[in-house]
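Open the model in your viewer and keep the selection tool handy.

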Amino acid sequence: MRLGLVLLVLLIVVLIIAGMLGAERLPLTGWTEQQRSILLDIRIPRILLGACVGASLAVAGAGLQALLRNPLAEPYLLGVSNGAALGTMVGFVLFQNVEAARPVLAFAGAVAATIVVYRMAKSRAGMSAERLVLSGVIVTTFLSSVIVMLTTLLDAARLRSFTFWLLGDLSQSSSTGIWISGVTVAIVTVVLTSQARSLNLMMIGERDALDFGVEVGRVRLLVFGGASLVVGAAVAASGSVGYVGLIVPHLVRLSIGSDNRLVVPFSAVAGAIFVVLADTIARTAIAPRELPVGAVTALVGAPLFIYLLRRN
Amino acid sequence: MLFALAAGCRTAPTGTQKALRTVTDDLGRHVSVPVRIDRIVSLAPSVTENVFAVGAGDRLVGVTTFCNYPEQAQAIAKVGDTMNPNMETIVALKPDVVLVSTASQIEAFTKTLEANGIALFVTDPVGLPGVYKSLGDLGDIFGTTEQANRAIAQLKARESSLPVRCTTGDGLSDDSRALPPIRVFVQISREPLFTIGKQSFLNGVLNEACGRSVTDAVETAFPKLSKETAAALNPEVIILSDSEDNREPNDSFRSSPAVKNGRVYRINADIISRPGPRLVDALEQIAKDLHPESFKDK
């Protein structure tokens with residue numbers, strides 16, 4: 001519990017630091033009209049969206065890892081993110097001016113990818129970790145090819161914005177995106193936390209969980225559905241930011257153990273911290289130019305993950 | 001220019017032997033090309049425009065899917081796009097020379113093309129001076145020097161008759177028509193926000209039109225710009241490279257003088273992005289947009 005408090009304080013500190021840093025240097029008080037607009041219309045919305053996206057991806061990762069009893073289960077590796085990305089692209093192409101179409105189609109894409117991966121991974125003998133990861137890889141690469149094909153078919157000017165967006169980019173934050181992603185992640189975090197006890201029992205084994213009266217089917221539906229929802233909303237707003245769903249729950253489990261009643265909500269907060277920090281680097285490292293945030297999370301995430309794997 | 005008759009040195013796939021000579025391209029490579037070039041493949045829209053400008057357009061047998069100007073270019077066989085040309089299609093067209101604008105695909109290209117006896121010539125013009133040089137080079141290798149010189153002279157005449165002008169393409173200042181430069185933001189894409197940076201050839205065009213890019217100190221040719229920086233730039237004029245997703249200025253310019261005074265202009269993306277003869281059109285339009293008062297009595 002104390003760690004929870006520490007994490008919350010840390011989140012607030014990180015949000016404040018992120019608010020103070022940016023391509024433009026702003027004084028602490030006495031802003032001009034323009035500086036006020038930079039802070040309120042550009043910087044703060046972007047930071048808030050980063051926090052929502054980070055929380056979304058981390059909570060989805062924590063839920064999927066517990067449900068599938070697989071530490072590699074992660075929205076990106078399982079193809080859920082790519083499903084959402086493809087859905088968003090379809091939204092871009094077919095309903096260009098309807099912003100709300102993107103999260104809806106992203107959600108549909110995420111759900112479809114999840115169902116396919118789950119069906120492929122499940123055999124009569126149950127679901128092995130290898131089979132699941134393999135299915136995820138197959139679906140991910142298949143969807144990547146479809147996305148590459150679509151970008152090739154779109155004309156050159158739009159190609160540039162898509163390739164940037166595909167890597168994860170928070171620069172296109174809109175209040176709609178923040179609201180959709182924020183409300184979704186808040187609800188899903190509460191729902192998944194409410195299922196944490198059942199998830200704990202299911203981690204021992206689904207049969208044991210059934211003996212304890214856990215409605216395994218319902219839990220599965222809630223976790224898959226919840227993960228698809230948050231990932232859909234996050235990807236529609238910011239593209240595919242990788243590694244967050246993998247690393248953050250791992251870090252959380254390393255520090256507090258694997259009780260999902262804590263892992264799920266703590267992952268949400270830690271994910272927000274991770275992405276806001278990564279995006280602060282993306283915004284400032286080569287200012288006035290920008291890096292895509294997904295490149296930063298991958299650059300930090302991949303070595304960190306290798307380190308964690310080797311240490312355990 | 002070196003002329004080298006090298007009959008017998010190499011065999012063209014058709015079995016016919018052509019007289020060759022050596023020319024130097026924009027990368028400083030010495031390229032053997034046939035003295036008489038009948039079949040040309042162009043791998044860039046700007047190069048296609050330049051080939052037509054020197055009067056060799058009727059010899060083009062293959063162009064990219066983006067080569068939409070002049071109109072005759074649309075009827076020519078397509079060989080893919082600049083970044084993904086189809087090698088088989090190119091070889092099957094039996095060109096004497098393939099013209100490319102970038103060095104990116106050179107290595108893989110040269111090997112296959114040379115194995116098939118096809119020359120590869122790089123022409124990568126930067127700004128108006130580069131366009132003139134490219135037109136001259138193309139005129140030389142196609143034997144249409146006269147037409148190339150006429151085209152260059154016409155373009156130069158239009159350039160020098162601008163009613164407002166700060167520097168010529170050669171970097172000389174022309175005081176009689178110079179006006180204080182207008183601060184311009186060139187928006188390449190609205191979301192994500194891309195603009196022109198230090199390495200863009202458009203800086204020269206803007207400067208000549210008595211303007212100055214507010215992002216001319218930012219690294220690279222087409223940087224993705226922080227919206228915070230954009231909001232603080234306060235450009236007097238915004239020029240949009242007109243394309244489907246770039247019809248309005250980015251929201252971060254809401255309070256800029258350009259938006260407040262309605263000084264946002266659209267210029268056809270093809271015209272300002274291609275270093276070809278129409279770059280003079282871009283120069284004229286930019287000069288007019290930046291200094292409309294100088295064009296009043298015209």
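Begin by selecting the buried residues of helix 1 of chain B: Pro45(B), Ser46(B), Val47(B), Thr48(B), Glu49(B), Asn50(B), Val51(B), Phe52(B) and Ala53(B). Buried here means that 20 or more other C-beta atoms, placed from the backbone, lie within 10 Å of a residue's own; 12 or fewer makes it exposed, and anything in between partly exposed. Helices (H or I, at least four residues) and strands (E, at least two) are DSSP runs, numbered from the N terminus.

This is a predicted model: local features need pLDDT of at least 70, side-chain atom pairs count only at pLDDT 80 or more, and totals for chains, interfaces and linings use all residues. Residues are numbered from 1 along each chain as its sequence is written, while chains are lettered from A and ligands numbered from 1 in the order in which they are written.

Stay with helix 1 of chain B, residues 45-53, where 9 of 9 residues are buried. Which elements do these buried residues pack against? Among them are strand 3 (40-42), helix 4 (127-142) and helix 9 (269-273) of chain B. Next, click Gly55(B), which follows the helix and has a positive phi, near 85°.

Now move to Arg131(A), in helix 5 (residues 129-153) of chain A. Arg131(A) is partly exposed, because 16 other C-beta atoms lie within 10 Å. Leaving aside neighbours within four places in sequence, Arg131(A) is in contact (C-beta atoms, placed from the backbone, within 7 Å) with Ala121(A) and Ser123(A).

Finally, select where the chains touch: 23 residues from chain A and 24 residues from chain B.

Technical notes: Contact = placed C-beta atoms within 7 Å.
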